[in-house]
Amino acid sequence: MELKGKKEQAFFSSLILLIIHLCPSCSELEKVKNNTSFTADEVHVGVILDMRSWSGKISNSCISMAIADFYALNTHYKTRLVLHSRDSQGIG
């Protein structure tokens with residue numbers, strides 16, 4: 001039972017880290033909208049997951065598939081999310 005709680009804690013910690021990493025990306029999108037010095041069409045997003053756990057592997061797959069499905073349906077979007085997945089190695 002304690003192992004299940006740690007897995008859930010790791011999963012929610014990973015989601016919080018994802019949200020934190022999205023915040024700097026929002027400022028980059030504002031630069032794109034304002035046509036200032038930032039001209040790239042890619043927004044880099046860091047994703048930190050425990051890749052040794054089942055929930056980490058599933059989360060990584062789901063996020064990747066969701067982004068791929070979104071852009072398959074919305075081909076007119078020019079700004080693209082680029083995921084950078086890292087393994088937390090069970091820390092967190």
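Y71 counts as buried, at 14% relative accessibility (buried means under 20% relative accessible area, exposed over 50%, and partly exposed in between, with a 1.4 Å probe and protein chains only). Welcome to this predicted model, in which local features need pLDDT of at least 70, side-chain atom pairs count only at pLDDT 80 or more, and totals for chains, interfaces and linings use all residues. Residues are numbered from 1 along each chain as its sequence is written, and side-chain values use heavy atoms, with hydrogens and water left out.

Let us stay with the rings. A pair of aromatic rings is described by the distance of the centres and the angle of the planes. Rings of Phe, Tyr and Trp (its six-membered ring) pair if their centres lie within 6.5 Å; planes under 30 degrees apart count as stacked, over 60 as edge-to-face and the rest as tilted. By this rule there are two aromatic pairs.

| Pair | Centre to centre | Between the planes | Type |
|---|---|---|---|
| F70 and Y71 | 5.2 Å | 75° | edge-to-face |
| F70 and Y77 | 5.1 Å | 80° | edge-to-face |

Through these ring pairs, F70, Y71 and Y77 are linked into a cluster. F70 is partly exposed at 35% relative accessibility, and Y77 is partly exposed with a relative accessible area of 38%.

Now to the strands and a helix. Helices (H or I, at least four residues) and strands (E, at least two) are DSSP runs, numbered from the N terminus. Strand 1 (residues 42–49) pairs with strand 2 (residues 80–87) in the parallel sense over eight bridges; pairing requires that DSSP finds at least two bridges between the strands. One example is V43, whose bridge partner in strand 2 is L81. Together with helix 2 (residues 54–73), strand 1 and strand 2 make a right-handed β-α-β unit: with the strands pointing away from the viewer, the path from the first strand over the helix to the second runs clockwise.
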